[in-house]
Each structure stands twice: as C-alpha cells, then as structure tokens.
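Welcome, and take a moment to turn the model around before reading on. The report below starts where the chains meet and then visits each chain in turn.

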Amino acid sequence: MSEALPDDWRARLLLMIRGISPLDGSMFGGGPGLSPAQQIGVYAEQHVLRHRAALRANLPGLTAFWGPATDELLDAYVRAHPSTSWTLERLGLEMGAWLSARGATEEERGLAAVDLAVLAVFHAPPPRPLDAATLGVAHLGRSPTARRLRLERDAHRWRAQALSGETPAPMEPCDARVVVYRHEGRVRHLELPAAADALLAALDAEQGRTVAEAVDHALQGGADPDELGAAIGPWFRLFVERGLIEAR
Amino acid sequence: MSRFAVPDLGVGVGFRVPHYGVVINERPRMDWFEVIAENFMLDGGPPLDNLSRLQAAYPVVPHGVSMSLGDAVDEDHERRLLALLARLNPPWFSDHACWTGHAGVNTHDLLPLPHTEAVLRHVVDRIKRAQDRSGRLFAVENVSSYLSYRASTMPEAEFLAELCERADCALLLDVNNVFVSSVNHGFAPEEYLRALPLDRVVQLHLAGHSVREGFRLDTHDYPVCDEVWALYSAVIRETGPVSTLIEWDDLIPSFERLQAEADAARRVRDEAKAP
C-alpha cells in the first residue's frame, strides 16, 4: 500500500544522507536484507566516502599534511560546506575560508591555496595566443592558466616534496611570490622576485595593459625601479615562454 | 530491433584516466568509448585535449551523471552539456533516472526516484527539454538502488516504460543495475526486463558489483558476474545487437584485462545472433 509522499521528501532525504538528521526509515519500504533505516544508511555512508575521496584528489597537499586526521577534518568541512555544484571539482573551493574561520595554521592555508590553484589552472581555458611582433604595443593580461599566490610558509616546496614521495622538511617562514601555471599540459610552480610579481600583477587589469603601462603600474605600486629596469626583458620572455600572459 | 535509427557500435569501454596514455598513444583494439560527460564539461586543459585525440580515433558517446532528472534544471550544467554534445556530435547521449541533489545541494550520488505519477511527469518534462534543446536522442538509464519508497505507486520497470513512451526517448539498459536492484528489492529480473520497452534500448551497460552484508553495491570494481552475463544474453536475444559498454571505474585493471572483458561480451553477442 503506497503512502503519500511528503512535499519536502527531497530535503528530508538530503539531511539524512548528509548526516545532519538521524536516519529515519519512515518513508522507505525496506528490503530483503535491509531495514528501511538501513536503506537510507547506505546512501549516507556512500556520501561520506565519495566526498572524502573527491577532496583527497582535489587537495592532495593539504590532506598529506593532515595525515591521519584527514577524514575527520574533511567530514567537518563537508558538513559546513556541502557541494553546491554539479561537479566535485568545485567541492573544495571554500576550504580557504573554512580554514581561516577555524584559525588554521599558515601551513594549512598555504597548502590549500596551492592545491586550489593547481586545480584551477589545470582546467582553465587556454591563453589567447600572443603575436611576438606586436608584443611591445599589444594589451597583455595574465593568462587564466596562471595563478599568483603570496605564501607565508614555503607550502609549494613542501607540497612538491610530499607528492613526489619524499619526506618533506618542515615548512619555513617566507614571503614567497609564487605563480602556479599550466604549460604544455603540465602544472608547475615558479617563484618570482617581488618586482616580477608586481609586473605580472599589473597585467591582472580586465582590459590588460601594454608593457609600458604595466611597468608604470608596477612602479606606482612600489616595485623597485632598479630591479625592474634590469630585468624587464628577461621576465617578459619568461612570461611568454611559460604561457603566464595572453593577448587581450 | 531498435525503433531508433542509431548505429550498433559494438562493444566498448569507459575512457578512464589510467588508460589515457595507452588509448591515445597506441590506439588499442576497441570498438568505441563512453566518456563521463561531466569530466569533459570544462573550459580547457588536458582533459579536453585527450578527448579530441580520442574522438579522432574512436566513436565516442557521452554519458552523464549529474543531470538530476528528478530535480530542477541546473542551467550551468545544461549549457556545458550542450556545448559538449556539439563538440562530440554523438548518436545519442544518456543519464540516469534519478536525482542527485536539491535546492542547491548536490550529493553526487544517483538517488532513486519515487515511482509516482507526479515524479514521472516531472522527469518526462526534463527529458523532453533535453531532447528539444540538444536536438538529439536521449537515453535514460535505470539505476542500481538500495532503497524503495513507500509512496511509489508503480514498479520501477513500469515507471521506466511509461517514461520512455511519454518522453519518446531511448533506454540505456544497465543489466548489472537490474540484477543488483533485483537482489536488493527482491524482484525477479526476468519479469523486470519483460516490462521494459526493449525496442527502445540503444545501449547496454555491463559491470561488476560488490556483495555487502544484506545488499549488493554497484561498485564497478569487479568483472561482470555470471548472473549478469546470463541476463545480458537474454536481453541481447530480444534486442538484437546493441551497443554494449563495460563499466569498470574502481580498482581499474590493465587495458588488456578490459579488452578481455569486452571480448567476453562479444562472444555473448555472437552466440545470441547465431541461428
């Protein structure tokens, strides 16, 4: 005998599956091997496992740092920030905010920032090609395949060591300007001198900037004129070679 | 025979990360590949490069996991899916008779639907919209399920038959899912199959599953079991040769092992065709 479906049946199921409300079998029929509450419990268990696996894949540096505490922390994160997208790739996007809200360490925040930058540039659209002949006068912008980070611990080095199977040295305090970028199908990172980072930051403007405008902007922002003047050419060559900038 | 003018692609496998290198670089023997649509609904990057190279070498059909037909349309998902379909130009595309989330929260699971008239009408509308906007044939897939709703007013097979008829869509019949659900809910899989419009089947799924305490779990991490091979044989005798896909998504073996599983499916198809 069928029973009326409550208007909020989806919402009720979601709360049980997410572990927010207790497993209540009243809407379910049960089966040969499972009680009604056990039936919804299967989905609740799979929910935990699926979200842990996705976050481990998306945040390999942070979860390597957390070690045995990982599952408990990921479960707490998912309770606070359930997936709001059709893709699990976006599940970890609130990790930085969540870590800050709970007073996480600089190591944790740095690793999350690097992990999320790697994920973002991996799936970013390709940069619009640059024409070398017009480089001097064209409007240039930072490529979507490049993300700038400023790190207070050398999380980028720790992460690279940990993911390559090495035992990483403890993270050291630093003031690193790091660009995470995709080039020729691989994601890498690069530490930039402060003036080079200022130059790249100057290209973040929506309409882009010419080289001359970018230099002016970097100088107005406090970049060291001597450092900037000595290396503009090599830096722009590097930006072009690594696909850090694009035509606008 | 299918009522739809779609090709029989033979026996294929899912395009999965551990095999990207061997498939793209060596072009091993395989009739066709299925791709998880959402893995390629991206702005750019290596996955799309790999998809282009796959498409240049094999027939490719996208299979979605996030349309959430039992809930509202996600317009970002729809826009990206339509872009992928335009890129691939497949003979059909597919997703599941399920819901995955509600009110902005997604579980990323294939949650079963209550089999009621109201839910049926909703899913029919969703499928009609998908077919209208894409201009392509949509195939709806039966899910493995672990729960049943007291509110259901019709058996799942009847729900699916009515869904296909009213939406005028195709059926992606997952034979493993039929078996898993038959054990979990205590119905006869042969009766379930008899209730389906087999002339609407454009694709079959085969997979392995796990035996858990009190139920079967659709894990796609084992070879196809004997009971599922027997059901597949029974289905293929009714439908004739239909594009068949081996799903193996966890504990993924070598590509050679997948080829062997696909060969086993080909043997069943050949036996079914024999006079």
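How much area do chain A and chain B bury between them? In this predicted model, the two chains bury about 3,700 Å² between them, and carbon and sulfur atoms account for 64% of that area. Three residues stand out on one side: A:Arg10, A:Tyr43 and A:Trp86 supply 25% of the area that chain A buries against chain B, more than any other three residues. Counted by contacts, 46 residues of chain A meet 48 residues of chain B. The size of an interface is often given as the accessible area lost when the parts come together.

**The two chains side by side**

Here are some values for each chain.

| Property | Chain A | Chain B |
|---|---|---|
| Secondary structure | ten helices, five strands | nine helices, twelve strands |
| C-alpha span along principal axes | about 80 × 40 × 30 Å | about 50 × 45 × 40 Å |
| Residues that count as buried | 45% of 248 residues | 63% of 275 residues |
| Accessible surface | about 11,900 Å² | about 10,300 Å² |
| Charged side chains | 26 positive, 32 negative | 26 positive, 41 negative |

**Chain A**

A compact globule of 248 residues would have a radius of gyration near 18 Å, but chain A has 24 Å. Within this chain, 60% of the contacts with a separation of 6 or more link residues 24 or more positions apart. The centres of its positive and negative side chains lie 3 Å apart.

A:Asp115 sits in helix H6, which runs over residues 106-122. Is A:Asp115 buried or exposed? Its relative accessibility is 1%, so A:Asp115 counts as buried. Leaving aside residues up to four places away in sequence, A:Asp115 touches A:Asn58, A:Leu59, A:Pro60, A:Gly61, A:Leu62 and A:Arg159.

A:Thr134 lies in the loop between H6 and strand E1 (140-142). This residue counts as partly exposed because its relative accessibility is 32%. A:Thr134 and A:Glu191 are 57 residues apart along the chain, and their C-alpha atoms are separated by 27 Å.

**Chain B**

What radius of gyration does chain B have? A compact globule with 275 residues would have a value near 19 Å, and chain B agrees with this at 18 Å. Of the contacts in chain B with a separation of 6 or more, 79% are accounted for by residues 24 or more positions apart. Carbon and sulfur atoms hold 49% of the accessible surface of chain B. The centres of its positive and negative side chains lie 4 Å apart.

Now for two backbone details. Most residues other than glycine have a negative phi. B:His108, although not a glycine, has a positive phi of about 60°. B:His108 belongs to strand E6, residues 105-111, and is buried because its relative accessible area is 14%, where buried means under 20%.

B:Asp168 also has a positive phi, near 50°, and is a residue other than glycine. Where is B:Asp168 found? B:Asp168 is in the loop between helix H5 (156-167) and strand E8 (170-174). With a relative accessible area of 43%, B:Asp168 is partly exposed.

Conventions
Residues are numbered from 1 along each chain as its sequence is written. Chains are lettered from A and ligands numbered from 1 in the order in which they are written. This is a predicted model: local features need pLDDT of at least 70, side-chain atom pairs count only at pLDDT 80 or more; totals for chains, interfaces and linings use all residues. Side-chain values use heavy atoms; hydrogens and water are left out. Helices (H or I, at least four residues) and strands (E, at least two) are DSSP runs, numbered from the N terminus. The radius of gyration is taken over C-alpha atoms; the globule rule is 2.2 Å times the number of residues to the power 0.38. Buried means under 20% relative accessible area, exposed over 50%, partly exposed in between (1.4 Å probe, protein chains only). Contact means heavy atoms within 4.5 Å. Accessible areas come from the Shrake-Rupley method with a 1.4 Å probe; for residues, only the protein chains shown count as cover. Lys and Arg count as positive and Asp and Glu as negative; His and the chain ends are not counted. The place of a charge is taken as NZ of Lys, CZ of Arg, CG of Asp or CD of Glu. Buried area is the accessible area (1.4 Å probe) that two parts lose on being put together, summed over both.
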